[in-house]
Amino acid sequence: MNLIFVGPPGSGKGTQAKIIARILDLPHISTGDLVRETTGDLKREIDLYINTGHLVPDELMLKILQKRLSHEDVSGGFIFDGFPRNMAQVDSLDPIVKIDKVVHIAIPDKEAFNRISGRRNCPKCGRIYNIYTSPKPLQEGICDYDESILYERGDQREEVIEKRLNVYHKDTEPILKKYPHVDIDGSKDIDDVTQDILKYISK
Ligand code: AMP
């Protein structure tokens with residue numbers, strides 16, 4: 001089964017894509033993770049786009065994605081988290097793969113903004129905390145598991161969050177017109193959102 005998860009930054013689409021991928025035993029392909037993991041000269045260029053809230057140019061994004069799609073594990077299906085992100089990417093995907101279902105996780109901008117601006121990351125184990133919601137670190141600014149000092153990612157700054165939300169509404173939301181999809185209420189508890197998604201997928 002080939003699935004696409006769409007949602008504004010902060011909607012929890014990454015968290016849900018990961019959970020559903022584990023349940024369905026499908027590879028979770030997050031284009032955000034793929035671009036963040038880039039190394040070498042390309043990294044500097046990519047970080048510039050990410051940290052200003054812009055999309056990575058389509059041609060470059062496709063090259064990175066195609067490399068990932070050449071791995072054997074995608075032959076039985078996958079979950080795309082964060083791709084496609086605009087109509088041009090939809091058009092490039094069309095001839096390559098058939099998409100079975102599209103999950104749209106929706107939340108109001110204000111909530112998305114509050115969720116992202118509170119995020120703090122552990123540089124060592126990658127755990128993500130939230131200083132306003134949960135999980136809060138037991139000790140302020142310190143990872144519960146390895147005691148590393150938590151940091152705020154460049155694209156979690158307030159002006160960048162606004163830009164990312166604008167880009168989402170302008171470039172990404174229109175792709176929903178192209179795909180039959182279900183709208184999932186991302187404001188609910190994580191477990192309830194997961195159940196709503198599973199209900200739709202198993203139909
Ligand atoms: P995400 O983790 O999905 O929020 O993605 C983080 C950042 O990676 C985005 O703000 C973009 O700069 C970049 N990115 C992720 N997916 C794409 C994509 N499909 N096309 C272009 N840029 C992307």
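Where does N86 have its place? In this predicted model, N86 belongs to the loop between β3 (78–81) and α5 (87–93). N86 has a relative accessible area of 12%, and since anything under 20% counts as buried, N86 is buried. Along the chain, N86 and P174 are 88 residues apart, yet in space their C-alpha atoms are separated by 7.4 Å.

For context, most peptide bonds are trans. A cis bond also turns up elsewhere in the model, between S134 and P135, where omega is about 0°. P135 is in the loop between β6 (128–130) and α7 (158–172).

Searching the whole structure turns up two aromatic pairs. In one of them, F78 and F80 have ring centres 4.2 Å apart and planes at 35°, so this pair counts as tilted. The reasoning is simple enough: planes under 30 degrees apart would be stacked and over 60 edge-to-face, with the rest called tilted, and 35° therefore puts F78 and F80 in the tilted class. The other geometry belongs to F80 and F83, an edge-to-face pair with 5.7 Å from centre to centre and 75° between the planes. F80 takes part in the tilted pair and also in the edge-to-face one, and F78, F80 and F83 make up one aromatic cluster.

How buried are these rings' residues? F78 has a relative accessible area of 2%, so it is buried. F80 comes out at 0% and counts as buried, and F83, at 1%, is buried as well.

Now for the ligand. Its surroundings consist of 15 residues, and the closest are T31, H54, G82, R85 and Q89. By class, the shell splits into six nonpolar, five polar and four charged residues. Which element gives the most to this shell? That's helix α2 (residues 31–36), with four residues.

T31 has a polar side-chain atom 2.8 Å from a nitrogen atom of the ligand. V56 takes part through its backbone: an N or O atom there lies 3.0 Å from a ligand nitrogen. K13 brings a polar side-chain atom to 3.5 Å from a ligand oxygen. On its own the ligand has 480 Å² of accessible area, and the protein covers 95% of that.

Some other side-chain arrangements deserve a look. The charged end of R127 sits over the ring of Y145, at 3.5 Å from its centre. K101 lies over the face of Y200, 5.3 Å from the ring centre. Then there's H104, in strand β4 (residues 101–106). H104 has a relative accessibility of 9%, so it counts as buried. What joins the side chains of H104 and D183? A polar contact of 2.6 Å does.

Most residues other than glycine have a negative phi. D25 isn't a glycine, but its phi is positive, at about 55°. E147 isn't a glycine either, and its phi is positive at about 60°. D25 is in the loop between α1 (13–24) and β2 (28–30), while E147 lies in the loop between β6 and α7, where P135 is also found.

Buried or exposed, then, for D25 and E147? Over 50% relative accessible area counts as exposed. D25 has 68%, so D25 is exposed, and E147, with 63%, is therefore exposed too.

Technical notes: Residues numbered from 1 in each chain as written. Predicted model: local features only at pLDDT ≥ 70, side-chain atom pairs only at ≥ 80, totals over all residues. Heavy atoms only, no water. Near = heavy atom within 4 Å. Polar contact = N/O pair within 3.5 Å; in protein donor to acceptor, adjacent residues only side chain to side chain. Areas by Shrake-Rupley, 256 points an atom, 1.4 Å probe, with all protein chains shown as cover. Helix = DSSP H or I, 4+ residues; strand = E, 2+ residues; numbered from the N terminus. Nonpolar A, V, L, I, M, F, W, Y, C, P; charged D, E, K, R; others polar. Phe/Tyr/Trp six-rings, centres within 6.5 Å; stacked < 30°, edge-to-face > 60°. Buried < 20%, exposed > 50% of the residue type's maximum accessible area, 1.4 Å probe, protein only. Lys NZ or Arg CZ within 6 Å of the ring centre and 35° of its normal.
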